[in-house]
Amino acid sequence: MGRALAGRVLGLAAGLHQTWRRSLQVRVVTITLVVSSLLVGGFAYLIANKITDILLENAKTDTLLRLRSGSDYAGKQFSLYSQPQEAQLQDTIEGTVNYLAGGDPQQTSGVVVAITADRYTGIIETRTSPATDVRPLVSQELRAAVADGKVAHQIRTGRLADQRTKYLVYGSPVPTRFGQLELYYLVPLNRQDAAAADARATVLATGIALVLLLGLLAALVTRLVVTPVRVAARTAQRLSAGLLDQRMVVNGEDDLALLAASFNQMATNLQRQILRLEEMSRLQRRFTSDVSHELRTPLTTVRMAADLIFSERDEFDPAVARSAELLQAELDRFEELLTDLLEISRFDAGFAMLDAEPTDLAPIVHRVADRLAALAERVGVPIELDVPGTPVIAEVDPRRVERVLRNLVGNAVEHGEGKPVRITLGMDQTAVAITVRDHGVGLKPGEEKLVFNRFWRADPSRARQTGGTGLGLSISLEDARLHGGWLEAWGAPGQGAQFRLTLPARAGDRLTTSPLRLVPADATLPFGGPGDGELLAIGPAGGGALAIGPAPKTDDDRAEARP
């Protein structure tokens with residue numbers, strides 16, 4: 001029960017937080033209500049207190065005037081007596097109290113008049129009108145102040161009749177020939193309290209109405225401003241989704257109408273530019289495709305002639321024989337470049353198709369290593385394999401995967417600097433991954449962002465060992481994307497580089513992790529101190545973004561989450 005309630009409370013809090021973050025109108029209205037509530041509440045508090053103080057002050061003034069008049073009257077009545085034991089003094093006190101109370105001992109105004117004689121206790125009895133016990137409402141402090149000849153007052157709450165009532169108690173000394181008596185007025189403050197309560201209720205109701213009115217006004221004003229902004233946001237989303245004909249409705253001539261008109265003009269200009277760029281891109285792709293196809297026929301003719309010359313090179317002069325060899329090599333490279341251009345044009349045109357089938361990747365890795373063994377032996381770079389003994393099955397296009405691995409391993413051998421190149425194959429329940437690690441010069445800061453660009457070379461002055469075209473990694477990246485996979489790169493100066501190909505085990509699945517980490521376990525940053533485990537891993541992600549994340553701390557932490 002408690003957990004369910006806590007869950008509902010957390011869900012409600014999360015919903016409110018999300019609404020607060022997403023709605024500008026909610027924030028403006030809430031802030032307006034809070035601020036106006038504080039201001040109106042403070043103002044209402046001051047007004048209510050002021051009204052209460054005025055009512056109490058009026059009651060004090062009225063009671064004080066009555067007290068002074070009653071004190072003078074009582075003093076004249078008691079001036080005839082020189083001894084407190086005189087027989088008629090008690091009757092005179094009672095008559096005076098009744099007169100000061102209004103002449104009727106049973107008066108119902110609520111005012112209580114009392115005359116006491118603290119100095120003559122047992123001789124002069126306390127008289128009140130109406131008859132009641134006023135001792136609970138006349139404190140010792142007030143009695144002492146009046147006994148000292150001072151006019152004093154205080155507010156006391158007590159029960160003289162059927163209910164508890166708040167009284168304003170005023171006391172004044174009454175001098176006589178035989179000594180001093182004390183006159184007290186006890187005035188109920190019911191009427192003043194009721195008036196103050198009515199005033200507070202009126203001020204509170206007015207304040208609440210004002211706060212609600214301000215909130216409604218803020219909601220209306222923000223709605224006028226937020227609605228066009230929301231329309232602009234929805235229109236911008238449609239534009240970003242490819243609906244370039246979307247426009248905002250322009251109403252009026254105010255600032256919001258100017259915003260809508262400017263937005264529409266911007267959308268029109270963007271549409272014009274995008275269409276122009278799309279047309280230029282289409283023409284460029286068509287030109288590349290047409291040129292590539294048109295070059296096929298003359299290339300075939302030149303290839304036949306070159307093959308004939310190359311086969312008879314032993315009968316030529318050494319210079320002519322060498323020229324035949326160079327012609328054959330350059331024709332091979334030109335043919336590879338033409339093939340790559342055709343493949344790139346297919347990717348650009350969106351005609352590339354994936355022919356996925358369940359495939360064991362281990363034989364592909366071995367086949368690529370065997371085909372590049374001669375090149376690796378020539379440049380003195382050993383190729384090491386870390387392949388599981390069990391089949392590694394995934395739904396992939398084996399031709400494209402082999403092409404990717406051939407490009408990665410060929411580049412690693414070319415840049416291996418005579419050090420081993422290690423190929424690692426791994427898998428988990430959702431993905432398979434292949435890493436190609438070399439220990440060459442590595443990549444300089446920023447080059448990991450360029451390594452997959454077309455025709456980019458880390459060192460333009462470096463002689464190619466494989467006669468590559470400069471399009472291998474670009475095509476490999478497109479092959480990985482066609483599988484729904486990742487092709488990422490990591491590198492550091494002097495520490496070599498590592499490329500990681502991650503593919504979903506089942507075609508069409510979405511990748512979330514890779515079974516192999518991108519940053520090698522033996523890599524360290526030049527500026528990192530002992531114990532530094534954070535390494536920057538950067539490379540093109542599935543959508544062309546960069547993958548940035550920390551290297552796992554231990555060898556057991558092999559699954560690296562996608563940043």
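Biologist: Is Arg313 buried or partly exposed?
Modeller: Keep in mind that this is a predicted model. Under 20% relative accessible area is buried, and over 50% is exposed. Arg313 has 25% relative accessibility, so Arg313 counts as partly exposed.

Biologist: Which residue forms a salt bridge with Arg313?
Modeller: Glu325 does, and the closest N and O atoms are 3.6 Å apart. The two partners come from distant parts of the chain, 12 residues apart. Glu325 sits in helix H7, while Arg313 lies in the loop between helix H6 and H7. Glu325 is partly exposed because its relative accessibility is 30%.

Biologist: How many salt bridges are there?
Modeller: The count is 17. One of them joins the side chains of Asp133 and Arg135, at 3.0 Å from N to O. Asp133 has a relative accessible area of 38%, so Asp133 is partly exposed. Arg135, at 59%, counts as exposed.

Biologist: Which residue forms a salt bridge with Asp479?
Modeller: Arg403, with the closest N and O atoms 3.1 Å apart. This pair also links distant parts of the chain: Asp479 is in helix H11 and Arg403 in helix H10, 76 residues apart. Asp479 is buried, because its relative accessible area is 0%. Arg403 counts as buried too, at 13%. Shared partners then tie Asp397, Arg400, Arg403 and Asp479 into one salt-bridge network.

Biologist: Now rings. How many aromatic pairs are there?
Modeller: Three. Look at Phe452 and Phe499: their ring centres are 6.0 Å apart. Planes over 60 degrees apart count as edge-to-face. Theirs are at 75 degrees, so this pair is edge-to-face. Phe452 is in the loop between strand E10 and helix H11, and Phe499 is in strand E12, 47 residues away. Both Phe452 and Phe499 are buried.

Biologist: Which residues gather in a patch of positive charge on the surface?
Modeller: Arg223, Arg230, Arg234 and Arg238. Take Arg230, which is in helix H5, residues 190-240. Its relative accessibility is 36%, so Arg230 counts as partly exposed.

Biologist: Where is Arg191?
Modeller: In helix H5. Arg191 counts as exposed because its relative accessibility is 65%. Arg191 and Leu55 are 136 residues apart in sequence, yet their C-alpha atoms are 9.3 Å apart in space.

Key. Residues are numbered from 1 along each chain as its sequence is written. This is a predicted model: local features need pLDDT of at least 70, side-chain atom pairs count only at pLDDT 80 or more; totals for chains, interfaces and linings use all residues. Side-chain values use heavy atoms; hydrogens and water are left out. Patches are made of residues with over 30% relative accessible area and no salt bridge: like charges are joined within 9 Å, nonpolar side chains (Val, Leu, Ile, Met, Phe, Trp, Tyr) within 5 Å. Accessible areas come from the Shrake-Rupley method with a 1.4 Å probe; for residues, only the protein chains shown count as cover. A salt bridge is a side-chain nitrogen of Lys or Arg within 4 Å of a carboxyl oxygen of Asp or Glu. Lys and Arg count as positive and Asp and Glu as negative; His and the chain ends are not counted. The place of a charge is taken as NZ of Lys, CZ of Arg, CG of Asp or CD of Glu. Helices (H or I, at least four residues) and strands (E, at least two) are DSSP runs, numbered from the N terminus. Buried means under 20% relative accessible area, exposed over 50%, partly exposed in between (1.4 Å probe, protein chains only). Rings of Phe, Tyr and Trp (its six-membered ring) pair if their centres lie within 6.5 Å; planes under 30 degrees apart count as stacked, over 60 as edge-to-face and the rest as tilted.
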